[in-house]
Structures are given as structure tokens and as C-alpha cells.
Amino acid sequence: MALLEVEGLRTHFFMREGVVHAVDGVDLSLEAGRTLGVVGESGCGKSVTALSILRLLPEPPARIVAGSVRFDGRELTALSEQELETIRGRQIAMIFQDPMTALNPTLTIGTQVTEMLRHHLGLDARVARRRAVELLDEVGIARAAERLDDYPHRFSGGMRQRVMIAIAISCEPRLLIADEPTTSLDVTVQAQVLDLLDDLRHAHQMAMILITHNMGVVAETADDVAVMYAGQIVEQAPAAELFSRPEHPYTEALLASLPDLERSDPRGTRLTTIPGRPPDLISPPDACRFAPRCPYANLEDSCVQAPPELREIRPGHLVRTAHPASERALAGVAP
Amino acid sequence: MTAAPSTDLGRPPVESAGAPIRQSSLWQDAWYRYIRNRGAVIASVIFLLLLAYCALAPVFSPYDPNEVDFAIAHQAPSWSHPLGTDQFGRDLFTRAALGGRISIGIGFGATLAILLIGVSYGAVSGFVGGRLDNAMMRFLDALYGLPYLPFAILALAIIGTVNFWTMVIALSIASWFITARVVRGQIITLKENDYVRAARALGARWYRILLRHLLPNTLGVLIITIFLELPGVILGEAFLSFLGLGINPPDASWGSMAQDGRDAYRAYPYIIVIPSIAIATLVLCANFIADGLRDALDPRTRET
Amino acid sequence: MAAYIIRRIVWTVPVVLLVILMTFLLMREIQGNPFRKTERAVPAAVQANLERKFNLDEPWYVQYALYTKGVFTFDLGPSLVLRDRTVNDIVKEQFPRSIELGLLAFAWALVLGVPAGVLAALRPNSRFDYGAMFFSNVGFALPNFLVATFLIYFVALRWGLLPTSGWTSWEHRILPSFTLGLVPMAYFARLVRGTMLETLQQDYVRTARSKGLPHRRIVLVHVLRNSLIPVVTAAAPLLGYIITGSFIVENIYAVPGIGRYYVTAVSARDYSVVMGLTVLLAIIVIVANLVVDILYGILDPRTREAHA
């Protein structure tokens, strides 16, 4: 049985202007110890999906209107807030995008690390402090023991993210959700943090969901990759497979838009972009959501009349489109 | 607001997906947002009605507001006297309106004076910057927290007489500090804006920059400030008059009417209640209007 | 930290001097003030006293310097009207009552206003929230003399629960301090609600939730502490209101304090008292601002560093 099974998740935001269908039918499955990368452009619903798993979204505007999230067999959407508190941090931990704001500026780093240890593991103050120093060491914070009583504003962005990671792994969770962990960091620091996450994952045997809009990040660290667009998963496959044989036109376009310095003459060529914008999620179209920007869609196609389903085009490779690459190749359509 | 795929799918136009963009000016936008704020609109209507009442009631009233007639003193509200009569038999409906003229008049007068002083001070301080700004702000900080009532009382004592205009002066002298600071803050923020730099680069003179670029953009903040200062000033006048240090008979202001009614409130509460409710209504409306304006002009400050 | 405190304290001195100077210059313009020789009908003994105390023959800056020295040595001069009393006597007698009134009002505001704001923020858009905010709005708008009148009418006269005026027993303290505390109460309720709502939106609260910490700890340790910082800084402007409000409240409830006496002194043209009281009030405000700044530095570690 998979560690995490998400089926048909729909999370909507009930706003004054209308209902935003931020996540509209997401299926995910993650085995213990594996890494799932979730990629997509801003606004496609990847963060909302992650927050929905842990039910961290503010309930008045947001609500999980349908679907199930099963972790280790337990249905998370049916748990009370108290029961969820036993899962959060202990079984499933999360790190967020902006380390500047994710830490409480008026509490010391030490407090923010030890409060987890004391609450979930019942450690007393002294033991918790020692363990905190070990954790900060493990994530690469120099002179951890002295810095335990420092406030977050004395740490740089990269260091703060390391602190967040230390907090996240402190109770040995089975699953770590990393929501754009490197987006706010300098490029040089990004690589370090990713390496750190990878090492820790192996050392502590955690499964990981890595959310990002950066395909390069995903290529390095993920076992499987899911591509999201406009609140839905449009393609999912093992990483190597996705990069070598993408099926969905959107995935192809994403890959094509990566700057390629290895081609014969990189200078003088333009970066490829995808024309158009994602659909308005307050009233999403009753058709394939990518159709307006899809180079292969035509008026008579089925995908314009009705939304295509997510289907398994090859073992382990799911795609939601009426124009997968392999079928196009067969039909002789020019890419 | 449906984002339907373009009917012509050969070459999807760039704007086919997504919501349409509507061009409108800052003021139009603000107006739309203001209108949609129910509280602010209701408050504005009541405010205007109150102003109309104060302006028109005495004109159409059959009573002489100063005529004393003990025979009908202390009457409860009735058809002939909608708000009753006071201890001298004067019609309260008329007197409340007259009192309103004075109170609101002083309110607006002092508020405008506060704006004048505050804008001048703040604009000079913010615009010139440097050491002058430092010195001016230090001076302001020293005066900032001082309670306005003792100083207004002192100012009145210095001037010697108490009438409409001296009240305006006294109240404004004692209360301009906040506005000055707000204006200075605005000017400083705006000074760093690119379009000001552009104007400077084009060789515009300082007064041109100040008048044409900086001040118009502080207009929004100033309008909000009017409705934020107004309640304070009106209450200030009410307090002064209530204490006997403000408007004197036979002129009436809401504060002095309240003082009149203070002794008799046990038997005839409406002499003190009516002007107080009038003050409270005005203050409440001004607060709501200020909130509405703030939301309309800067939606980022809205609470969820 | 210590450097910050010392710097703030040192800075207060020129501010106080400036305020005394301004008040002094203002006072000299009033007819019948003690700093100028005028044709006042004052008894000879008092006149001699005045001349000695206020040095009427000296140029104004000397007068100012001497007066300031007097302020710092707690000697504010004789009363112009009450022949055998000095300003100090009056202050010593009346001031403690005003302090008590002010502190009690503040206590009401904290005890009722802050929890109201906290609860309103924790249940946003509920009936409690709307009710609390409605009362808060009304609290700001209603002039305190009206509230006082109503309270006296109903609580004291109709129901006979509390006395109508005076300041002798503990029951006398309740109505005046409550009346004075209403506006600060409304202010705190709004402020706390606002800051809490804002804090609850912060990323670090989401982080705390993701850690699985119990709700109570999150509210008490993460949210409340950060939300209450602005409350501390709000205390300073509230002091201005409490002073102003006390003029009215002491007047209505016949509380023998500084606020009431100020008005009496002005009406009686006892300007040395007026001067002394004004200076005193100003100094209180300045010192309060100082205390608030220091407290703020303690509570928010970021400000300490910023000023370093």
C-alpha cells in the first residue's frame, strides 16, 4: 500500500468574487522512501494541493469539497483538528517557500526547534536542547550550540531554510513536503539545500514531495514527476521517462522552454515561450483547460467538447490529453 | 467572466484566456470601491442629512431660537416641538440645528486649519529633508503626545475671548501634529518615486515638483485625514463647551447645549441627550466614511 | 540593550526643556499671568511672594531658566489665588487621585478590551465579533459626558448601586474609572483584534500549525506575544486621551483631581497653578512615551538592533 494516496482532491476557495477551483481533481500516489516532484507554473494549484494534504488552508475561504487523502491508510480529510495535530510535524512535515517569513521573528531558533521535540517526543528541556544542537549540526549550521539562542533575523536566507529543514526532520517524519524550498534562495545556495534534502532523505528514509516550478530541480532529485496545470494533474510518470518521452503538449512546451546551451548555436535564438495565459479558475472551461494554448487542438476535437480524463498511456505513465505525443507521432502530425 | 477558449483555434490570440482588463483612473476605481462599501455609503448619506438638517431647519422653523417662554419649558417631544423644549422654553429642534451649525462649522474650520498647518509643515519637512527635516521632526516629536485639551484651553486664555474663530484657532493649534507627520511620511515616500526623479532629471523646479507631482498624490491621504480629524475636533469643541470654557450663551453649540442640560438631566434628559447623540452620530459617520475612503483609495489595507 | 535605554533617557531632557519653554512663552502672553508685572489686584504679601518667586524684574530668559530650575527641584511657586498654598501643595493633594483614576481606567481597558479583541479575532465574522466591533465603534463616538450622565442616572440614581459623585470609598471609584476607561477599552479591542488577525495570517503561524503544535500554544506563544506589541505602543497615545478625558470625568463625578482643578484654576485665573499643571502633565506624557519605547525595545528584539 502506498504511503500517501490522494484521490480526486478538489479544494475550492469561496471568495466574494466567486468560487475559485484551485485544485480540481488531483490524484497522487507516493510510496515510502520515494520522491515525487510536482511541477507547474504559478497558480496551477501545486501549493494548494500540498496545503490540502495537511489541511493547513484557512477553512473559511478554503474548503476541501471532494476527494480523499489517505496517509498510511488513515483518511486525513476526516480527522479532527486534534487528531491532525498528531500527524502534523510528527508523521508529515512541511517546509515552505519563504524562509524569511516562515520563522517567528520574536522567538529564538532554539525555542522554535525544541518546541517540536518537547511536544511530539516528550523530551525535557535539556535533552531537547542537546538534540536541537545535533539537528542544526546535521543541516550544516556552524557553531550550532552558540547560535541556538539567536533570533531568526541574524541568519541569512539559506541558513534560515536549513533551520526550517532541521525543524521539519526533527521528529523523524515519514513524509516531507517541500513547497518551493529553493525558490527564494540564491542559485548557489539552492544547490546546497537540494543536496542537503537529498542526503537527509536517504539518511532518515523519508518520502518527499518536492514542489517547484523549476524543471531542473526536479530532474536532479525526483523519482517520479507530476505536472500540474490549472488545478489538475496533466501528466505523471517516472522522472527519466517524463524527460525523455513526454506525452502532454504542455509538458513538451515546458521542456522546450528550458534554455538549451548545448545546441550548436545558442546565440541568436529566442527562448521558446507558451503563448496565452492559464484559464480563470473561477469558472474553468468545461473542456481541456490547456486547449486555448495547445498547438494541436482543433475545433472538432473531443477535448474541446469535454474535458479529457487522466489515462494510463503506458505502464506507470499517466496523461490527460487528447493529443499525446506518441499518438501524434503515429498519426504523422508535425510537432 | 467566462474564459471560453477562442472559437478560432487555429492561432489562439494571446488575450483569449483569462479575465479582461478594464482601464480606469485611480479616482474612478476608488469611487467604485467606495460605492460598494455599504457602511460607508449609509454613513455618507446620514452625514449629508445631518448637514442638511443643520443648514435648513432654522431657516424653515417657525420658532425664534432665543425666545424665552417659561410657560412651555421642559416639554417632552411632541408634534409642535419634535425634540421638545429646554429649560427656557426654547425649541430644541431649532436650537440643535443651530448648535450643529456652530459645532460642525468649528469642526470643519479647525480641520481645514489643521490641514493647512500640517501640510505646510509636513511638506516642507519631507521635501527639504536632511537636517532641517531632522530638526523639524524632533520638534514635532516633542509636541506629539501632548494632550490637546490643556493646550487648547491655554490658547483660548491667551486669545482672551471665546468665539467661533478663536475656537477654530485654539483647536487647530493643539491638534496639527498627526497630520504633519502623515503628510511628511507621504511626501518622503513619494519623493523616492521614479516619476519624481524623472521630473527632476528634466530640470523641473522644486515648487513645480511639489505642486504638480507630490501634493496631488497626497490628496487621497488628505481627504481621509479630514474625516479622521473631524471627530476629534468636534469632540474637542464639545468638551471645551461642556466645561464652560467654550462657546457661551446665547450662542449654542452642541457642547454648550449639553452643559445646559447637565443639571436637569434627571427630569428632562433630552436636553443633554439630543446634542450628545448628534455628536455621536457625526463622529460615527465620519469614522465609517474615513474607513471607506481608506479602503477605496488603498485596497491593500482591507482586513480579511 | 542598555545603550538603547540610556540614549532614550538622555534624549528626553532637551524635550522636557523645550516643552517648558514653550509653555512658559505661551503663559507670558496671557493677561494676568505671574511672569509679568500687571495691574493685578493682588494682596501685597502675595505680590512680594510673586516677585521673589517669579523674578519679575529679570529678562524673560532668566525667568525661564529660574522657573525651569524650579521645576527640576519640585518647586512650582505659589498659587495666585489661594493665599497660603503653593502649587506643590495642590499637586500633592490632587494629583494622586487623578493617577488612581487613570490607572483604574487603564485597568478596565486592559481587562475588558484586550480579551474582547482576542476573542473577536479568534472567531472572525461571528456574532461576537460583530457585536464587539459595534460596541467599540459606539464607544469611540459617544461623548463621555453622555455616558457618564447615563451611568449616573441608571446605576446610581435609579438602581442605587453606586454613589453619584465623590471619591471617598472604593465604590466611588467604579463609575468614574469605567467611564474614563470606555474609550481605551474600545481602542484596545479594535487594536488587538486587528493585530491578531494580521498575525494569524503570517507565514510563521502556518509553520507553527504545520508542526502539529497544539492550538493553545500557537495562540499563546506565537500569536499573542506578537500581537500585543502594538498594544504596548498604543498605551502612549491613550495617555493623552486619559488626561483629556479626566477633565470631563472628574468634573462630572466631582472627583477632586488635577483635571477638575485645572478647569477651576483657569476659570479663577490662577495662572501659576495652570502653568505648573500644564508642565506637569507634559512631563508625564513625555516620560510615558519613554517607558513605552523602552518596553517596545524589550518586547521586539528587532528594534533594539535597528537602533544600535
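R154(A) is partly exposed, with a relative accessible area of 46% (buried is under 20%, exposed over 50%, partly exposed in between, using a 1.4 Å probe and protein chains only). This is a predicted model, where local features need pLDDT of at least 70 and side-chain atom pairs need 80 or more, while totals for chains, interfaces and linings use all residues. Residues count from 1 along each chain as written, chains are lettered from A and ligands numbered from 1 in written order, and side-chain values use heavy atoms, without hydrogens or water.

**Exercise 1.** Work out which chains the bridge between E115(A) and R217(C) involves, and where its two ends sit.

*Solution.* First, the distance: the two side chains, E115(A) and R217(C), meet at 2.7 Å, N to O. Next, the location: E115(A) is in helix 4 (residues 109-120) of chain A and R217(C) is in helix 9 (residues 215-253) of chain C, so the bridge joins two chains. Helices here are DSSP runs of H or I with at least four residues, strands are runs of E with at least two, and numbering starts at the N terminus. Last, the cover: E115(A) is buried at 4%, and R217(C) is partly exposed at 29%.

**Exercise 2.** Explain how E134(A) and R131(A) are placed along their helix.

*Solution.* These side chains form a salt bridge of 2.8 Å, N to O. Both residues belong to helix 5 (residues 125-138) of chain A, and because they are three residues apart, about one helical turn separates them. Both ends are partly exposed: E134(A) at 45% and R131(A) at 22%. Zooming out, the whole structure has 26 salt bridges over all chains, and E241(A), R245(A), E247(A) and R314(A) are linked in a network of them.

**Exercise 3.** Look at what comes after helix 1 of chain A and say what phi does there.

*Solution.* Begin with the helix: eight of its nine residues are buried, among them V48(A), L51(A) and I53(A). Most residues other than glycine have a negative phi. R55(A) sits in the loop between helix 1 (46-54) and strand 4 (62-71) and is buried at 16%. Now try E180(A): its phi is also positive, about 50°, though it isn't a glycine. It lies in the loop between strand 7 (175-179) and helix 8 (187-204) of chain A, buried at 7%.

**Exercise 4.** Describe how helix 3 (residues 92-128) and helix 10 (residues 254-262) of chain B pack.

*Solution.* Geometry first: their axes are 7 Å apart, at an angle of about 135°. Helix 3 and helix 10 of chain B are therefore oblique (under 35 degrees is roughly parallel, over 145 roughly antiparallel, 65 to 115 roughly perpendicular, the rest oblique). Then the contacts (heavy atoms within 4.5 Å): residues including L92(B) and I104(B) in helix 3 of chain B meet W254(B), G255(B), M257(B) and D260(B) in helix 10 of chain B. For context, chain B has 11 helices and zero strands, and 48% of its 304 residues count as buried.

Conventions:
Axes are lines fitted to C-alpha atoms, for helices over the stretch in contact, and angles run from 0 to 180 degrees between N-to-C directions. A salt bridge is a side-chain nitrogen of Lys or Arg within 4 Å of a carboxyl oxygen of Asp or Glu.
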